[in-house]
Amino acid sequence: MTAGPVVPPSSTPVGPILVASAGDPFPQAVLDAVVDAAGGERPEVVVLSVARIWGTALGLPHPGLYPSLREMDEQWSVVDA
């Protein structure tokens, strides 16, 4: 389920803005909403992209199940974009 961006009224002071992804690139509409929420000012934006751990071994995280270098590079490219 995808919810639309929540944009505060223009009279509301804007603090840091968090933009999060589960690994997908951000649609242009999301980036436009960040600019609109900032009211034309240059906001502090925190970008969060989640790299998944693919499971557990005996109930504990297993190093072989962590994201590969390629998967991490994909996450960095989402954040950089």
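This is a predicted model: local features need pLDDT of at least 70, side-chain atom pairs count only at pLDDT 80 or more; totals for chains, interfaces and linings use all residues.
Student: Why is Ser49 called buried?

Tutor: Ser49 has a relative accessible area of 17%. Buried means under 20%, so Ser49 is classed as buried. Ser49 belongs to strand 2, residues 45-49.

Student: Why is Val50 called partly exposed?

Tutor: The relative accessible area of Val50 is 41%. Partly exposed lies between under 20% for buried and over 50% for exposed, and therefore Val50 is partly exposed. Val50 is located in the loop between strand 2 and strand 3 (56-57).

Student: What makes the pairing of Ser49 and Gln75 a polar contact?

Tutor: The side chains of Ser49 and Gln75 are joined at 2.3 Å. The cut-off for a pair of N or O atoms is within 3.5 Å, so this pair qualifies as a polar contact. Beyond four places in sequence, Ser49 also touches Ser21, Gly23, Val78 and Val79, among others.

Student: Which residues form the largest nonpolar core?

Tutor: That core has 6 residues, namely Ile17, Val19, Phe26, Val34, Ala37 and Val78. Strand 1 (17-21) and helix 1 (28-37) each supply at least two residues of this core. Val78 touches residues including Phe26 and Ser49, leaving aside those up to four places away in sequence.

Student: What makes Leu18, Val46, Leu48 and Val50 a nonpolar patch?

Tutor: Patch members need over 30% relative accessible area. Together, Leu18, Val46, Leu48 and Val50 have about 340 Å² of accessible area on the surface.

Conventions: Residues are numbered from 1 along each chain as its sequence is written. Side-chain values use heavy atoms; hydrogens and water are left out. A nonpolar core is a set of buried Ala, Val, Leu, Ile, Met, Phe, Trp, Tyr and Cys residues joined through side-chain atoms within 4.5 Å. Buried means under 20% relative accessible area, exposed over 50%, partly exposed in between (1.4 Å probe, protein chains only). Helices (H or I, at least four residues) and strands (E, at least two) are DSSP runs, numbered from the N terminus. Contact means heavy atoms within 4.5 Å. A polar contact is a pair of N or O atoms within 3.5 Å; within protein, one must be able to donate a hydrogen and the other to accept it, and residues adjacent in sequence count only if both atoms are side-chain atoms. Patches are made of residues with over 30% relative accessible area and no salt bridge: like charges are joined within 9 Å, nonpolar side chains (Val, Leu, Ile, Met, Phe, Trp, Tyr) within 5 Å. Accessible areas come from the Shrake-Rupley method with a 1.4 Å probe; for residues, only the protein chains shown count as cover. A salt bridge is a side-chain nitrogen of Lys or Arg within 4 Å of a carboxyl oxygen of Asp or Glu.
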